[in-house]
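Look over the sequence and the model first, then read on.

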Amino acid sequence: DAALKGSATHAGKALPSKLSVRLRKVPRAESRSPLPHRRGKVRSVKDSLRHFSGQKYLNLESYRRNGQPVRTPLWFVEMDGRLYVRTPDDAWKVKRIRHTPRVRVAVCDMRGGVKGDWMEATARIAEGAEAESANRELARKYGILKRLIDWGTWLRRRGHIVIAIKA
């Protein structure tokens, strides 16, 4: 008991005066950016988008004004070397993309769990025939679920926007 005087105790046992925390070093994954200037070899746009083929969801990472990333899982379609997503026109991601078109995308599951490597890209709002074509392809890919969401959007009197993403 005399040894415990002046030292911290827990359940009657003396605790060390200085707690040391041992951190385990985790090896950092090598950057796997598909951009040619970062990988040292030239890759075509089709090659950089090939891991999106046959997938249902992509995770779109856009950036707030303070630089903080915000991730959103979305349905997408690939056409002419670009990825297209559709979202309500008043969504915050639209506002973030209008301010900062730099984004990152990755294949993910429906809850946003990333299943592949992140890819740097640039996003913009698609208009006219390009947006209509992307909308048709989204309807073809997602079928009745896409039509139900369109119907719900129509009932709530909300507009929508198509975002074009280029790697």
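## The lining of the largest pocket

The model is predicted. Start with its largest pocket. By class, six residues of the lining are nonpolar, three are polar and five are charged. The volume of this pocket is about 330 Å³. In all, 14 residues line the pocket, and those closest to its centre are Trp75, Arg86, Thr87, Pro88 and Ile149.

Which elements supply at least two residues each to this lining? They are β4 (69–75), β6 (82–88) and α4 (128–155). Helix α4 gives the most, with four residues.

## Overall layout

Now step back to the whole chain. The protein has 167 residues, and 35% of them are buried. It holds four helices and nine strands. From the N terminus, the order is β-β-α-α-β-β-β-β-α-β-β-α-β.

Helix α3 covers residues 92–99. Four of its residues are named as buried: Lys93, Val94, Arg96 and Ile97. Viewed down the helix axis, the buried residues of α3 fall within an arc of 165°, so they line one face. In general, an α-helix has 3.6 residues a turn, so residues three or four places apart point the same way.

What does the other face carry? Turned away from the buried side of α3 are the exposed residues Trp92 and Arg98. On the buried side, strands provide cover. Among the elements that cover the buried residues of α3 are β3 (57–63), β4, β6, β7 (102–108), β8 (119–126) and β9 (160–166).

## Strand β9 and its partners

Strand β9 is mostly covered, with five of its seven residues buried. How many bridges join it to β6? There are seven, and β6 and β9 run antiparallel.

## A closer look at Ile165

Ile165 lies in strand β9. Is Ile165 buried or exposed? Its relative accessibility is 2%, so it counts as buried, the cut-off being under 20%.

What touches Ile165, leaving aside neighbours within four places in sequence? The contacts are Leu60, Arg82, Leu83, Val85, Val103, Val105, Ala121, Thr122 and Ala123. Ile165 and Glu120 are 45 residues apart along the chain, and their C-alpha atoms are separated by 9.9 Å.

## Asp80 in its loop

Asp80 sits in the loop between β5 (77–79) and β6. Its phi is near 50°, a positive value in a residue other than glycine.

Is Asp80 buried or exposed? Asp80 has a relative accessible area of 70%, which is over the 50% cut-off, so it is exposed.

Methods: Residues are numbered from 1 along each chain as its sequence is written. This is a predicted model: local features need pLDDT of at least 70, side-chain atom pairs count only at pLDDT 80 or more; totals for chains, interfaces and linings use all residues. Side-chain values use heavy atoms; hydrogens and water are left out. On a 1 Å grid over the protein atoms alone, a cavity is a set of points where a 1.4 Å probe fits but cannot get out, and a pocket is an open set with protein on both sides within 12 Å along at least five of seven lines; lining residues have an atom within 4 Å of a point. Grid points are joined across faces, edges and corners, and a volume is the space filled by probe spheres set on the points. Ala, Val, Leu, Ile, Met, Phe, Trp, Tyr, Cys and Pro count as nonpolar, Asp, Glu, Lys and Arg as charged, and the others, Gly among them, as polar. Buried means under 20% relative accessible area, exposed over 50%, partly exposed in between (1.4 Å probe, protein chains only). The arc is that of the directions from the helix axis to the C-beta atoms. Contact means heavy atoms within 4.5 Å. Two strands pair if DSSP finds at least two bridges between them.
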